[in-house]
Every structure is written in structure tokens, then in C-alpha cells.
Amino acid sequence: MATAAAYTYLGPSALAPGELALQTSGGPAAHPRFFAGFLTDPGAAAIGLLAVAEVARTRYFRPVSPAGLDPVVTAGSDRLRFESFSGCCGVYARLDVLPAGLDGDVLAHGTTNVDVNVPLQRALSRVGRADPIHLAVGPDELTVTTFDGPVVERKVPLPSRWLHGFAEAQVLTARFDPRASLGVVEARALLNRLSPGDRSVLWALPAGRSLRLTSRPTPGAVCLPGAGRLAALKPFLRHATTLRVYGPPVAAGSGPVASTWELSTPTQRLSLTLSPEPYRGFSGEGAVLESLAGDEVADDADLISALLSWDPTIDVDALAVAAGLPGARVRDALTQLGTAGRVGYDVAEAGFFHRTLPYSADAAAELNPRLANARSLAAAGAVTVEGEAAVVRSGDELYHVRDDGSCTCSWWAKHRGERGPCKHALAVRLVRAEVLA
Amino acid sequence: MSLEWEVLERRAHSGDTTGVTSRLLKATEEERLAFAAEVEARIKALRPEDWWRPAADPAGGYALAVLGTMPTAPRAARLLLRRDMRDKWDRIPIPRALEIVRARRLPWLDDLAARLAVKLTADDAWGGGWKLVATLLAETGGTPPVTEAVVRCWFDEMLRGPWESPPVTPLDKFRASPFLDLLFPSLFEIDTLGAELSRATMDATTRIWLEEPVFPVATAQLVADGRLDRKQILAATVDRLVRGGRPAELRPFVLLHEALTPTTDETAAHALDYARLLPDSPSTVAALAQRALRTLDDAGLLDPATLLEISHPTLLRKEKTLVKTQLSWLDRAAHDSTDFIETIAVAFGHPALDIQERALNVVGKHLKRLIPAPAEAIAPSGASTPAEASASAEARGRVGAEVLERLGGPAAGLGGDLAARAAELFGTNEPVPEPVVVELPGPPPVAAMPSPIASAAELATEVAALLREETAVRWERILAGLVSLSAAGEAPAVAATVGPVLDRQAEHFAEDHWEPRPRMSFLAAAIRRLIDPTFGDQAERGRWRRLVATVRAAWQVGEPVLGGPPDRLLSLRVAELYTQILRSPVPELLATPTLANGSLDAAVLAARIRRAETAGREPWPLDLEQALLRLPRDSDPAVAAGLTSPAGRKLAEWLAAGGLADPTVTRVEQTAGTRLEFHIGPPPPTARLVVNLTPPASRCCASRARSST
């Protein structure tokens, strides 16, 4: 199912000498104004923004007909975050401009689409290291009220799997730990070595000051799936000082997993998160299904969302105290909010941050298809729990689900838990939760 | 004369589009407009067979009727964009359509063209859609929307052919096209055109295929003619290169850049762009940028700071040609500042030894040049050359100790004897090469077998997984699990859980003579027999007899009957399980390995046989044979001590004989070419020597064959 995202900008974003005016559309207002001030490292910010825009217009799996969704920018209490998600649902890019990178005022909090057009890309690529740049995110109030020129309007399809993938990437990265940190010389050598069209799954293991690429996983290794997809990081290398790599724990014999590759300068961080294989979008990974959306979780999520306040990172303990909920339930509620695109996850700070994707809410809130199927199975009374094993009747077929979530269906036989539970296991979990409650 | 649908339809059905046209033209405009509603209703009511049953495809005729009767553009567009009509725009005879629209003098023709144009896809370049739209646009003087599909179609039209007579070259088509100014800039802006721009074409007169892409040559010519603005085209080309992409996508723009041959002034205007291209672009683009920047530098138009800034990453690129060029450029450009020397030293970090050496030579040369060596300087002992030594002595005095210190840092990582040479040159301490012990992870230990299957539900999960992927470990676990569950009296649970899997995937468990998977069908038959001992239809009885005979033959003759390479023993074992699981049940299999690589610990096997002895059970013969074959050859024979049953004695014999014997080795000479009977001349020479390995006859089988006779 695909809805459409409609953009309306008061003219194209433009870079006049010394003045970068980014146009905004949607979010807390029709054309919100989030920031006005100077960038302390404009060269790096320009390259970083270009990288985010490049990911937004690329499909790494099917290189034809790129999805044209614009990047979004979030103004938190003290920083700007530019995010984008590739058309193939497999690469998530984020540029964080940290407080040290901004010399100006955050005028409002929220998330909005930002226009990065071809002439702007052209201009950004010519920004020198030291050219001072004044950045304005959003038009000023005067322009909004007196504007009568032609607006820039665009309508692009917004597939629900794209939305789910964007949200799922946040939940998946929440399980990542830092795995390696490289100097920029080693990072450059590593990235230059990767072939641009590489779609194979490699494993990077810290070795000396760099990473050694192997074909099999060992504990401590980071998965590098489809190394060609890291191409967008390369131009940022000239400004970066460190490459950090994040990933979930793996063991010998693990299947491919997602990983985050982050280049940082003292004032900015540019990160790319890759899906476990180039042809796999984040939308089907099923990571969110683990902390299952029962009614209780939905209620908690409503409570928690009211307490969020655009902090750079969300303090789970403080939230738990404020909401009067145990920490585990707060985390489940945050996952639920992540699924709905209402929080993001910052691996560098190891914490969720508040942001609301500026897309129509009903499309984002629409259930994961697997969860929807599980709900209908549970509601139809198809689940019989008999001690350890449970039987699910789906149509004329009988499926047996064991305690560890394994099932006799062919979907489970194919993925063996690598993409979360199957609909039968989910249905059993739903019914068990009701029995216990 | 009024219009009648039946008449039009008959003509459309016979492919007589001229007839349709003449009927439409003979009617008056009022009659045509009055007929519109009927055309609309009739076309909407068409059933699928109405499209394929007539002798000719009626789409062309119907489309003419639409063009000939509709009162407004939206209504005409709606009909032409119906799925059944949309796919067949190439059936519309363009001259007939023109006759009709010209006769009607439609004021909304441009509107119709615009409505059809936005619905074009890239396929319409070949499908005929573009031809229709382009004709309508030409008729009205309208312009198409600038979408990727339109650009692709238009570009394809320019390059197609040349089949016209007289032939028209692509260049002339570009010159004549009314859309040149509108659509041409998009060729630079739409990144996804990709390989399209690299298309070549045929020479118009000689009909010989030209290797050269058309786009760069034609563009350069249009610029030379003054038809396109040189400044804009050059800027767009450089922009496209800066935006980047795969080398194949950028190649036409590299060729175009070469064909344009920018002057020094033009190059200077894009100096920053070239500076951006050199470090990060694909190698051909980087080489182009390097040439351009060097031209600028030669003309004195390049800021030395820019040169230093781009050199840093460029010297670490993996293309050695680029790095060498950059080094010789820096070598020539180096002025009296030490910045250049320090920048050249960046190449010490390049992985290639020849680059490192060249960089060191250049650095040495400039250190020497900065301070001309006094003639009386005496080389200290140990210096590689007197020149280097004297340079280092003087340089230490004047270039500044901290610079040499900074050069010494990266130089410590140089390979070969370069580090020692560098240490002398910079007067730093020669790095003591530490014995580098690279700790490679050892081969991972062989994993133990996963824990045995404990429940019928787990067995069902594994059987379902077996269809997805057959692995040896999974097979062993399933066979062992089936035997142990059967012995534990869990047959009803197996029926409840595995039964549905077998039913659901019945086609995968059936015998298939086209793609024989005997193991699967044997396994399914074994499970069915376990679930229901009375199970047996006609096919089942045939299979039963066949498998019993197969297994018995394997037991007695010692030579497996089911042909096929190494996995035949597994198939035989599944057949054995099928025939024996109810007739001679055992509580456990002997052959289940202890390690995931299939190896079986001799002590574990001895314990299993001992348990069978205590219970007074005779193990299944093929199971025992497989178990013996799985023993490591260096197993201790002592583990079999005290075993008295035939199986136990066989184990003891097997271990005492040292396990499976070596294979028989035969030397074979392969000749170069075939030697036929009527071969004349010297025998063909030996091409290579190969060795054939024949596995030894299994001793347990041989002994069984003896004992059974």
C-alpha cells in the first residue's frame, strides 16, 4: 500500500554567498523555522548534507527510478539532525550537527522536510573549508506571512514499507555497541579498498589500527553487507577525524546483521546504517516485533510520548521516574514510539532522541503486516495453548509453535528467527499475554 | 450520413483503418460529436475476447474513432489511457490520425498531447507512445513536460536508426528537433539515464557500427556550431562530474569534457570543482581533473594552498599512475617552503613500496636542494650515499629540527630498507623493527552436534526446515529424533505435529521420477508407517517391497544398490529406518555423530553398543556400518574391550585393523588429444599425470558377505 507525501516549499532552498537558506515543508507548521545562525565548520556540514541527500535519492538495490523523498531535519534542544532513508529501504543516513557546530539559536523544536535540490547540491559541493556560512532552516516569519510567489510543490509515493523501514532502523540500532574506532588515514585506506559495486556480505574485525575484512563472522566482528553502499561516506573523509563502527554482538556462524558506520569531526557526525543484505530492506527485519505491541504497550507509549521534550538523548531512568513505570516498560514503549517514527536512536550517544517524522500519521501507525495477521489469528481464536507447545490453526492447516518461538511453517523454516518471529509465534505470544494478564 | 458503430467496428476488426478514417471524415462535425457517447460506451463495454478474437487488432481503429468523435481533451485522454488502449498506441496509424485531427481543427489538441505526455514511461521509446505524443506536439507546437521518460524517449528518437531514406545523422536530428533547448539540459541533470548516454549508432551512409558514443561528439559539434551555449554546457558537464556516480555513467561526460577542450580561462573558472574531483572521483575523472589543475598550475593560476590541500588525499589513492603524476607535479612545484616536502611525505603512507621509494627520493632531493651541499662535507660512515648524508647534516642545521621530526614520524612506517634510509636522511633514530607476530585466528574447533531432538514439535520444525535446506546435521538429528521418539512411545505426538507438515508439503515428500529425491519420500513413508502401522496403499505396498529388497541386498552383498555417489549410504539408511522401525525397534541409532563434521567418538559408539548388548538388541546393519565409517582412524582399540555381541566384535576388529584402509592409488597418463585407431605418426605426447583414488572395499561389508555365504 502506498500513500503519497506532498511537499510544499516557499521556493527552492538556495545558497547565496555566505547564506544557506533551507526551505521547509510540514511538521509542526506548514513552513517551520527551526534555526538561524552560523555553522562553525561549514565545509563539513555542506559535504555531510550532500551525503544525506545522496542517500535519500539512491536505490542501492534496484538502481532505477530512485525514490524522491526529501531528507528530514530535526531541531532538538541544542542540535540539528538531518536524516534520510534510501529508496530501497536498506540504508539510513544521519548528519548530526552538534552544539559545537552551531553558533546561533534553535528557534523551535520539531521535525520537518527540507528541500535539497540540484542547484543547491551544485552550490554545496563548492563550499570551501573556511567560507563562513549563515544557516537558516525555514523561512522567517515575515516571508511566510507576506509570501505570494509561486511555491515549489512535489508529490511522491510514500510506500508503507519505506515508513516501516525508517522506523525499524531506529529500533534495530538500539541493540548496537561500539565495535571499532579508526583514525582517518586507516578509514580512508579501508573505504578506498571497497569496490563500489560490492554487494557481498563481509565481516570486519578490529586488527591493529585498522579493520581486517574476512568472509566469516567471529565474536567481536562487525558485518559489512554490500560495502558499495558506503560510497556516500567518502567525500566526508577529508573533514573527518574518526571512523567508528557499531554493530550487534555476533558469534561464529551468525547470519548477516545490520551495522552503523560513522565518520565524525569535533562538531559533526555523519553515519550510515546498512541493512543486513543489500536486497533486504529494514522493513521486513521484524526487530520491533520482539517487544510486542500489546494494548498495555500502546498506553505506555501514549504516556511516554507526552513526556518527551526534544532532549538530545532520552534518559530512560528519568522517564521511568516521571511516568511511574518500570524501566523495561519504558523501553518497550520507546520501541513502540520508534515504530511509529516518533523517536530515533543515536548509536553514538547510545540513546533515543525525540523526533516525529513529518508524514501522515495513519500511514506510519499502520501495523506491521505480520503483526496484523497475528492479531487476526488471535482474534479468530485460532490459537490453542497446551503447556509448552501451542497449536495455531490457519485455514485448513495446523502449525505448532514451541516456547522458543520456532514454528513448523515454511516462513520460519526459511529464516530461522533471523527476521523476527513468524505470525503464528506472534499470535501465540498475544494469546499467552492475555492468559497471563 | 450518420455514423454507425457496427460499420466502424467491422472495419476496425479487419484492420481497415483507412476505412474508419474515411467514414469519420465523411460525417459532419455535429454527427461526430453526437456519436461520441456511443464510442465511449462501446469501448468501455469491450470484453477481453473482443481484443484478440478479430482478425486484426482493433485498437488502431478504435483510437481513430476516439480522436474523430470526442468533444473534449479529458474524455479523449481517458479513453486512450485505458489499460487496453494504452498498451497499443503503436497500432495507431499516425498519418490517418493526423488527417482526422486536421480535418476537425481541434482547439484542445495541445491539452490532449500534454495529458498523454505525462503518462509516458521509458518503455514508450520503443512502444510507439512517444511517436504519437511527439506527432501531436508537432501538430500543435506544444512542448512536453520534462520528465525522465520524456527525456529518454526523445533521446532514443535522436539516436535511433538511421533507417530513413535519405539517412539522417543523429547530429542533424538534434539540430532539427524543436525540443533541443527544452530537453537537452536534462541529459546532464537526470542521473539515472546511465548507460543510455553511452549509446553508439550506425554511420548514416556506410551502415557500419561506430564504436564512439554519439552524445559527446554531437554535443561538441552543436557547441562548435554555436547552437548550444559553450559556457553552459561546460558548466553542466563539470557539474555532472562533481555530482559523481559510477564510472560507466560518467564516461560520456568525460569524453564530452575532452571533446570540448576547455581553455585555460575556462578551466580556471572551475578550479574548485576540479580540486574536488581529484581526490574522490573514479580514476578516469580524477585523471581529467589532475590534467586540468596541472594546466592551471603551469599557467600560474592555481593557489599553492589548494594544491597542497588536494595532494594529501590524492597521494593515498590506490591508482599508482595518479599518485606518481601527483608526486612529479609536487616535485616540480615545490618551492622553498617545507610545506611541500611535508605534503610529499604523505605518500610514505601509501601501501605500494615503489611509491614510498619515489616519495622518499623526492623528499631527499628537496632537502638537498634547500641547502646546497658544501663540497667539503664528509659523509659520515654508514650513509647510503654521500649526497644524502650531507643533505641530512645541513638540513638538520637549517630546515628546522621540528620539520625533520615531523617527517620522521610517517617515515617510520616505510617498508623494506626505506625506513633506515629515511632515518639517516632525517637524522631520526632508525626504528628498531619489532618482530611482528600477526596473530591469525586459528581454525575454529569443530562444533559439537546440537542437542538431540527432544519433542515431537521440534521434530516437525526440523522436518519443515529440511525442505528448505538439507544439511547432514539436520538429517542426522531427524533420524536420531525419530528413532528415540518412536522408542519413547511418542508416536501419537509425532502424528499430531509432523503429520500436518507432511500433508501440507505432500508434493515434496512424494516420489518424483523427474527429480528423484528418494530420501525425502523414504522419510515421509517411515513417518507415516510410524504414525499408522496399518498404512499401506497400492503405491505403498510397491515401495515396501522395493525397499525391503534394496535394504536386504545392501545387507547381504555389501554393495549398495541405490546408485549414486557418497550420499547413497544416507538414502540406504533412511530406507533401513523405514523397514526396521517397527519390525525391529531400537532405542537409539549407533551412527549419530558426536561432532558437527560427522566424526563419531569411538568411546561413545562402544557405550551405545554396550547398551544394545545389555538390552539384548541387535543393531541395524547399515547403521553399524555407517557408525564404523565415522570413527576417527586413530581411535583407541581398547574402548571395545569386553564387547561380545557380533556388533561389538566387529567394532573391535575394525579398531584393531586401524579403521578404514587407505584408498587404492592408480597412476593414469592423459595424452594430449585423442588417439584414434587409424592414427598415423608419433603417439601423442603425455599431457599430464593424474592419480585415481579408489576407496577401499568396506571391510565390514566384506566380512558380512563372507559370513552370509
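Predicted model: local features only at pLDDT ≥ 70, side-chain atom pairs only at ≥ 80, totals over all residues.
**View 1. Three strands of chain A make an open sheet.** Reading across the sheet, the order is E22-E23-E24, and the pairing is antiparallel. The edges belong to strand E22 (383–386) and to E24 of chain A, each of which pairs on one side only. On average, and ignoring direction, neighbouring strands here are turned by 20° against each other. Look at strand E23 (residues 389–394) of chain A: 5 bridges tie E23 to E24(A), and the two run antiparallel.

**View 2. Strand E7 of chain A is mostly covered.** Which way do the residues point? A:Leu80, A:Phe82 and A:Ser84 point one way from E7(A), while A:Arg81, A:Glu83 and A:Phe85 point the other way. Both sets are buried.

**View 3. E7(A) pairs with strand E6 and with strand E8 of chain A.** Strand E6 (residues 72–75) of chain A pairs with E7(A) in the antiparallel sense, over 4 bridges. Together E6(A) and E7(A) form a hairpin, with 4 residues between them. To find your place in it, pick out A:Val72, which stands opposite A:Glu83 in E7(A). Now for strand E8 (residues 91–97) of chain A: 6 bridges join E8 to E7(A), again running antiparallel. Here the pair to look for is A:Phe85, opposite A:Tyr92 in E8(A).

**View 4. A:Cys89 sits in the loop between E7 and E8 of chain A.** The hairpin of E7(A) and E8(A) has 5 residues between its strands, and A:Cys89 takes a positive phi there. That phi is near 65°, a positive value in a residue other than glycine. Is A:Cys89 buried or exposed? A:Cys89 is buried, because 27 other C-beta atoms lie within 10 Å.

**View 5. A:Arg416 also has a positive phi without being glycine.** For A:Arg416 the angle is near 50°. You'll find A:Arg416 in the loop between H11 and helix H12 (423–436) of chain A. A:Arg416 counts as partly exposed, because 14 C-beta neighbours lie inside 10 Å.

**View 6. The largest nonpolar core has 189 residues.** Some of its members touch the most other members, among them A:Leu49, A:Val392 and B:Leu459. Helix H1 (residues 42–56) of chain A gives the most to this core, with 11 residues. Zoom in on A:Leu49 and you can trace its contacts to A:Phe82, A:Leu95, A:Val116 and A:Leu124, leaving out residues up to four places away in sequence. There is also a second, separate core of 61 residues, which includes B:Met70, B:Leu159, B:Phe174 and B:Leu228.

**View 7. Chain A meets chain B through 28 residues of chain A and 30 residues of chain B.** On the side of chain A that touches chain B, the elements giving two or more residues are helix H2 (118–124), H5, strand E24 (397–401) and helix H11 (410–415). Which of them gives the largest share? That is H5(A), with 4 residues. The residues on this side of chain A divide into 12 nonpolar, 8 polar and 8 charged.

**View 8. A:Val185 lies in helix H5 of chain A.** The helix covers residues 184–193. A:Val185 is partly exposed, because 15 other C-beta atoms lie within 10 Å. A:Val185 and A:Arg209 are 24 residues apart in sequence, and from C-alpha to C-alpha they are 9.8 Å apart in space.

**View 9. Two helices of chain B, H35 and H37, pack at an angle of about 145°.** H35 (residues 568–580) and H37 (residues 621–629) have their axes 9 Å apart. The crossing is left-handed. From H35(B) come B:Leu569, B:Leu572, B:Arg573 and B:Glu576, which meet B:Leu622, B:Asp623 and B:Gln626 in H37(B). The residues of this contact divide into 3 nonpolar, 1 polar and 3 charged.

How values were computed: Residues numbered from 1 in each chain as written. Chains lettered and ligands numbered in written order. Buried ≥ 20, exposed ≤ 12 C-beta atoms within 10 Å, placed from the backbone. Core = buried A, V, L, I, M, F, W, Y, C linked by C-beta atoms within 7 Å. Contact = placed C-beta atoms within 7 Å. Pairing = 2+ DSSP bridges. Axes fitted to C-alpha atoms, helices over the stretch in contact; angles between N-to-C directions. Left-handed = near helix turned anticlockwise from the far one by under 90°. Nonpolar A, V, L, I, M, F, W, Y, C, P; charged D, E, K, R; others polar.
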